[in-house]
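Here are my notes on this one, written as numbered points. Have a look at the model before you read on.

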Amino acid sequence: MLSLLYQEGPSTKGIFRRSGSAKTFKELKEKLDSGIEVNLAHESIFVTASLFKDFLRNIPGSILSSQLCDKWVSVLDQGNNEEKIKSIQRLLEHLPRANVVLLRYIFGVLHAIEMRSEENQMNAFNLAVCIAPSLLWPPVSSTPDIESEFIKKISSLVQFLIENCCRIFGDEITSLFGEI
C-alpha cells in the first residue's frame, strides 16, 4: 500500500482527503483480512489510502503509542525546533522498532506527497488533518470538546513531523522507495 501511495500519491489531487467507493473498500478489506491476495494496483488510489488509514487505526494502542500520548501532545510546547526534534527522537526510542520502521516509511510517503503539494493540493497541514487521527489517540475516550482539541494538537504535531521528517528520521527517507 505504501509503495503504491508513494508512486501515485504525489500526483493525486486530494489523496487521503477523498475516500474511494465504500463498497470496494469493504470488499477489499474483507479479502485482505481473510488473507486473500489482492492487487491494489487495479484499484482506486483513494480506496488504497482509505485502507491504509484503516490499517493504522487498527494498530492496538496506535502506532505512536497511546501510553505516550501526553508526551507527544506536549512536544510542540517545547522551545525551538531543535528541542522539539530532539524530544521527538527521544519519544521514538520508546516505541517498538516495527513502529519506528513503519513511521519512517509513512513519513517518506507523506514527504513525497507534500513536496508536490501545488499539484495535489495536499500540503503538510492538509495531510496532517487527514492522517493524524489514525496515528495517535488518547488511551481513554473523552468528551467531544476535549477530543476535538486533542485532534488539533495531534494534527499540529503531525504537520511538524512532515515538515521536519528528514531531520527527524534522516535524509534517506526520501529514497526508501526509489524514484517516483
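Which hand does the crossing have where helix 8 passes helix 9?

1. It is right-handed: that is how helix 8 passes helix 9. A crossing counts as right-handed if the near helix is turned clockwise from the far one by less than a right angle, and left-handed if anticlockwise.

2. Before going further, a word on what you're looking at. This is a predicted model, where local features need pLDDT of at least 70, side-chain atom pairs count only at pLDDT 80 or more, and totals for chains, interfaces and linings use all residues. Residues are numbered from 1 along each chain as its sequence is written, and side-chain values use heavy atoms, with hydrogens and water left out.

3. On confidence, the protein has a mean pLDDT (the predictor's confidence in each residue, from 0 to 100) of 93, and 99% of its residues reach 70 or more. Helix 8 has the highest confidence, at 97, and helix 9 the lowest, at a mean of 93.

4. Overall, you'll find ten helices and zero strands; both are DSSP runs numbered from the N terminus (helices H or I, at least four residues; strands E, at least two). The radius of gyration is 16 Å, close to the 16 Å from the globule rule for 180 residues, so the protein is as compact as a globular protein of that length. That radius is taken over C-alpha atoms, and the rule is 2.2 Å times the number of residues to the power 0.38. Along the principal axes, the C-alpha atoms fill a box of roughly 45 × 40 × 30 Å.

5. Back to helix 8 (residues 124–135) and helix 9 (residues 144–163): their axes come within 8 Å and cross at roughly 120 degrees. Axes here are lines fitted to C-alpha atoms, for helices over the stretch in contact, with angles from 0 to 180 degrees between N-to-C directions. The two helices are therefore oblique to each other; under 35 degrees is roughly parallel, over 145 roughly antiparallel, 65 to 115 roughly perpendicular, and the rest oblique.

6. Who touches whom? On the helix 8 side, the residues include Phe125, Val129 and Pro133, and they meet residues of helix 9 including Ile151, Ser155 and Gln159. Contact means heavy atoms within 4.5 Å. By class, this contact has 13 nonpolar, two polar and one charged residues. Ala, Val, Leu, Ile, Met, Phe, Trp, Tyr, Cys and Pro count as nonpolar, Asp, Glu, Lys and Arg as charged, and the others, Gly among them, as polar.

7. Helix 6 (residues 97–115) packs on helix 8 at about 155 degrees, with the axes 10 Å apart. That makes helix 6 roughly antiparallel to helix 8. Ile106, Phe107, Leu110, Ile113 and Glu114 of helix 6 make the contact with Ala124, Leu127, Ile131 and Leu135 of helix 8.

8. Helix 6 also crosses helix 9, at roughly 80 degrees, with axes coming within 9 Å. Helix 6 is thus roughly perpendicular to helix 9.
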